[in-house]
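Hi,

Here is the structure I promised to pass on.

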Amino acid sequence: MPGIIEVDDLVKEFRTFERREGLIGALTNLFHRDYRTVRAVDRITFVIKPGEMVGYIGPNGAGKSTTIKMLTGILVPTSGYIRASGYIPWKQRSEYTKTIGVVFGQRTQLWWDIAVVESFQLLRRIYGVSDSDYKARMKRFDEVLELGRYLHTPVRKLSLGERMRCDAAAALLHNPPVLFLDEPTIGLDIVAKENIRAFLKQVNQEFGTTILLTTHDLSDIEELCQRLMIIDHGRLLFDGRLEELKHRLWRESTIKVDFRDREQAQRFEALSLPHIKTEKLGELTYRLTFDREERSTADVIRQVVLNADVLDIAIEEQSIEEVVKRIYLGGVFEAAAR
């Protein structure tokens, strides 16, 4: 099956000049500048098939957002090839943008000072969505995202979670075959994140929408994606199944538990918990570490709360920076090639 997104040997370079310090340096900069070239994306190649949900992760400055901007036609590559939805994004932008939806976590495509419903009406006309399709989709969005309560509120008065729900709906108003998400859950609380994730799952399953997701939240990846690409310093380090990477790098899970009082902590200490390493952090606080291949996180939490009165539980996720560091330590490339 041909890819709905095809990228080959993609490069993006930026030319910047180095500013000198002080008054003399500022005067020198007026007449003479020293330039350097920064390669933000370094010869990456991948193919995404229709209906895939792919996670695209890496540390800050790795090249994720630059890649997304080239894939959406905002930036022109220095060299290389992109074809998405049958178009070359930066050459055929007018036709191409009708086939994609985009959500940038730090920006909104809605008009700031008008009611949400007015933004949707404007987008409906821009994309040429029929009246019947518009009504059906708005009904669907309200069922899943509960948009009805926000429709007559100006965008500037929405909370971040409410705005993200509206942005997700706006990106899918014209039912595009491809959706690009750049940090869609950044800054959201747990409930808001779950609403967005559930919505994206339904869209993918019901309409076969292809989704490319960049995020710093590994929970987004685990909940939504089966395939993962990792980028750092502009280079694609890993492209494969999430299960493969979890087996090699994410096998260890950690949970921090706060008990209500000393009696409850002692009840926990008396438990037999095979394959779990327990570390006491404070009088009532413990850290539990275990191999996710042997015990599921849900099972461990269930066993703890059924036997002791818990005040708080926190799942401690590995950072993406830590995952990238472990890839650099070796073994993953060879394993992926086998």
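Arg39 and Glu13 pair up through their side chains in a salt bridge, 2.7 Å from N to O; by salt bridge I mean a side-chain nitrogen of Lys or Arg within 4 Å of a carboxyl oxygen of Asp or Glu. Since Arg39 sits in strand 2 (residues 34–48) and Glu13 in strand 1 (residues 5–18), the pair ties together parts that are 26 residues apart in sequence. Strands here are DSSP runs of E, at least two residues, numbered from the N terminus. Both ends are partly exposed: Arg39 has a relative accessible area of 37% and Glu13 one of 27%. For the cut-offs, buried is under 20% relative accessible area, exposed is over 50%, and partly exposed is in between (1.4 Å probe, protein chains only).

Bear in mind that this is a predicted model: local features need pLDDT of at least 70, side-chain atom pairs count only at pLDDT 80 or more, and totals for chains, interfaces and linings use all residues. Residues are numbered from 1 along each chain as its sequence is written, and side-chain values use heavy atoms, with hydrogens and water left out.

Next up, Arg227 and Asp239 form a salt bridge at 2.9 Å, N to O. Arg227 is buried at 11%, while Asp239 is partly exposed at 34%.

Asp299 also bridges to Arg295, with the closest N and O atoms 3.1 Å apart. Arg295 is buried at 9%. In total, the structure holds 23 salt bridges.

Cheers

Definitions and conventions: Helix = DSSP H or I, 4+ residues; strand = E, 2+ residues; numbered from the N terminus.
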